[in-house]
Amino acid sequence: MLLHLIAQQPRHGYELIKAIEESVNGTYSPSAGVVYPTLTLLEEMGYIRVQENTGDSQRKSYEITDAGREYLAENEDAVTELLARLASRRERSEDMPPQVMRALHNFKYAVHLRLGGEPLTTEQANAFAAILDAAAQQLERL
C-alpha cells in the first residue's frame with residue numbers, strides 16, 4: 001500500500017499514515033512504528049528513495065524508483081485486491097451509525113493512551129483483558 005501511494009505522488013511518512021486512514025474513512029490508522037520501518041525496508045530494497053529538493057520541510061519525502069514501479073506492475077493483482085478490500089471497508093464505515101463511529105474512536109484513543117504509557121502490571125493486564133473480553137461478549141449478544 002505504501003509503495004502504491006508513493007507511486008501516485010511523493011510523500012512523507014505522516015502523509016502516508018493520513019492517506020491510509022482517509023482511505024478507510026478513519027476506521028484504521030497505521031502506527032508510525034509500522035510505517036517508518038517499512039519505508040526503510042522499501043528504501044533498502046531499492047523500491048523508493050528520498051526525494052531530492054524537498055524544500056523547507058525537515059521530513060523525508062519518498063519517491064518511487066524504476067525498480068519500485070516494476071515491483072508494483074508485477075504485483076498488480078495483489079494491489080488491486082488490497083484496494084478493493086479498503087474500498088469495501090470504507091463503504092461499510094459510511095453506513096455505520098455516527099454514535100458507533102464516535103464510540104469506536106473513543107475506544108481506540110483510550111486503548112492507545114493506556115498502552116502508550118507505563119507498562120501494565122500483571123494485575124492491570126488481567127483487568128484490561130477482562131474489560132475487553134466483557135465488551136466483546138456484550139457485543140456478541142446484541
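Student: What should I know about the model before I start?
Tutor: It's predicted, so local features need pLDDT of at least 70 and side-chain atom pairs count only at pLDDT 80 or more, while totals for chains, interfaces and linings use all residues. Residues are numbered from 1 along each chain as its sequence is written, and side-chain values use heavy atoms, with hydrogens and water left out.

Student: OK, how many helices and strands are there in the protein?
Tutor: 7 helices and 3 strands. Those are DSSP runs numbered from the N terminus: helices are H or I with at least four residues, strands are E with at least two. Along the sequence the pattern reads α-β-α-α-β-β-α-α-α-α.

Student: And in what order do the strands sit in the sheet?
Tutor: β1-β3-β2, in an open sheet with antiparallel pairing. The edges are β1 (11–12) and β2 (48–50), each pairing on one side only. Two strands pair if DSSP finds at least two bridges between them.

Student: How many bridges join β1 to β3?
Tutor: There are 2, and β3 covers residues 61–64. His 12 stands opposite Ser 61 there.

Student: His 12, buried or exposed?
Tutor: Buried, because its relative accessibility is 11%. The cut-offs are under 20% relative accessible area for buried, over 50% for exposed and partly exposed in between, with a 1.4 Å probe and protein chains only.

Student: What is His 12 in contact with?
Tutor: Leaving aside neighbours within four places in sequence, Arg 59, Lys 60 and Ser 61. Contact means heavy atoms within 4.5 Å.

Student: Switching to Glu 63, where does that one lie?
Tutor: In strand β3. Beyond its neighbours within four places in sequence, Glu 63 is in contact with residues including Ile 6, Pro 10, Tyr 47 and Ile 48. Glu 63 and Gln 8 are 55 residues apart in sequence, yet 9.1 Å apart in space, C-alpha to C-alpha.

Student: What about the overall shape?
Tutor: The C-alpha trace spans about 50 × 35 × 30 Å along its principal axes. The radius of gyration is 19 Å, whereas a compact globule of 142 residues would have one near 14 Å. That radius is taken over C-alpha atoms, and the globule rule is 2.2 Å times the number of residues to the power 0.38.

Student: What share of the residues is buried?
Tutor: 23% of the 142 residues.
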